[in-house]
Amino acid sequence: MEELRVLVPNGMLGYGFPLEDFERGMKRQPHGIVVDAGSTDSGPQKLALDEMTCPESAYYKELSVLVPAAKKAGIPLIVSSAGGDGTNQHVDLFIKIVEQIANEQELSINLAKIYSDIPKEQIDSALQDGKITAMQNVPELTQEEVDQTTVVTAQMGAEPYLTLLKAEKKPDVIIGGRTYDPAPTAALGMYYGFDSALAWHMGKIIECGAICCVPAGKTVLGTLRSDHFLIEPMNLDAKALPHTVAAHTMYEKSSAFNLPGPGGTLNLEECEFKAETDRTTRISGSRFIKDENYTVKLEGAKVVGYRSITVMGVRDPILISQMDEALAYVKEQMEKELPEECSQSQIIFHPYGKNATMKNLESLTDEAGHEMCVIAEVAAPNQEMAQLVVNRIRTTLLHYGYPGRVATSGNIGMPFTPLEIPLGKVCQFNVYHLLKIEEPVAQFPVIMQEVGK
């Protein structure tokens, strides 16, 4: 075949997509529909608490469109990192959703799933054999940390998907566990005999949908050819420009030229981004360098306590001008009045309107607005303690007699009740390491079944 066309409806399953853009993409007769459903961007609570990125209803709504569209076109629908974290439990939930859709729409679906959870016994053995290494800025993994995780999963590469694509009975829908985002597109490219480096690179760009375009959007079509690939948004008012596509290649990466993943590194030192048309970019020159050892990234999280917050509005310019000193005073008072509780808690202030977003990286340190929102966050061993400390923070700032104070009726406005808001369990990534494996296909079990009429 001269070219492989891969349609991505959006950068994250559950976030919605314009139906007209998706239908426009389907008219281009793609050879596969690929959509990612996972990320660690939204924090560790999905892994630690068995939560999903989106409500189940959001996944059902979008799969109700994607499953029949793929079946009608006779092309595979590949969904990776089911539920957000890609755990076996969320893979099974997505399987049930597809089965429900198949029954409701009277479709016969050859359905495949790939599990990505790693048994703790295997991790224990790998630790003893020296097969686990820490990523940059991550402490060495210990047996204690492994025991504290609720579940550990791993980012699979292209191999399990490629195995399914090569199966005698082709799957209509593949639901994958935790996956390196470009892997499904890379697998499609390899299956059809295209250059693996170009396939990996195209997958890296289109897995986020049309975010690489201007204006940023949802649905994108990637076209893979023998020595290049094309990126084109399905929104007719959007454009994929060379500099925006190149910029997105570096998105979430520590290096502009070397993008490591399962099995190797995508090297872009000789890569070129050129305008094919006024709204389509052509990319060439990508190289894929295989690793001597095949590694996958492990992901695990644990519960470390409970969090409470209070939201406080400040309008007095005198207080705003000395907010750093005021918050330092409040924290000092907490340590004096509640020494036992504070020794077990973490107190973080988020002064929105000053430097809450950038923290110590903020360049505009001397500029403050006419109002400020201060969110006080407390993490403690239990919810009661978190509520106590955040309550004392609120009342202390409310009545603090700061220098130059004029009014004495209260320093802050409180937009919400309850005034102290319990947020429940707070979680932390504690497994973020590389595992050396021998067989990338055998490591991730593949199961196939028929559902529907």
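The legends below describe close-up views of a predicted model. Local features need pLDDT of at least 70 and side-chain atom pairs count only at pLDDT 80 or more, while totals for chains, interfaces and linings use all residues. Residues are numbered from 1 along each chain as its sequence is written, and side-chain values use heavy atoms, with hydrogens and water left out.

**View 1. The largest nonpolar core and Leu-224.** A nonpolar core is a set of buried Ala, Val, Leu, Ile, Met, Phe, Trp, Tyr and Cys residues joined through side-chain atoms within 4.5 Å, where buried means under 20% relative accessible area with a 1.4 Å probe, protein chains only. This core has 56 residues, of which Leu-224, Phe-229, Ile-231, Leu-298 and Leu-435 touch the most other members. Helix α9 (residues 196-206; helices are DSSP runs of H or I, at least four residues) gives the most to this core, with seven residues. Beyond its neighbours within four places in sequence, Leu-224 is in contact (heavy atoms within 4.5 Å) with residues including Glu-2, Phe-194, Met-202 and Phe-229.

**View 2. The buried side of helix α1 (residues 19-26).** Asp-21, Phe-22, Gly-25 and Met-26 are buried in this helix. They lie on the same side of α1 because they cover an arc of only 140° around the axis, the arc being that of the directions from the helix axis to the C-beta atoms. Among the elements that cover these residues are β1 (4-8), β2 (32-36) and α3 (56-73).

**View 3. Strand β11 (residues 264-267) between its partners.** Strands are DSSP runs of E, at least two residues, and two of them pair if DSSP finds at least two bridges between them. Four bridges join β11 to β10 (residues 258-261), antiparallel, with Pro-260 opposite Thr-265. Four bridges also join β11 to β14 (residues 287-290), again antiparallel, and here Asn-267 stands opposite Arg-287.

Conventions
Buried means under 20% relative accessible area, exposed over 50%, partly exposed in between (1.4 Å probe, protein chains only).
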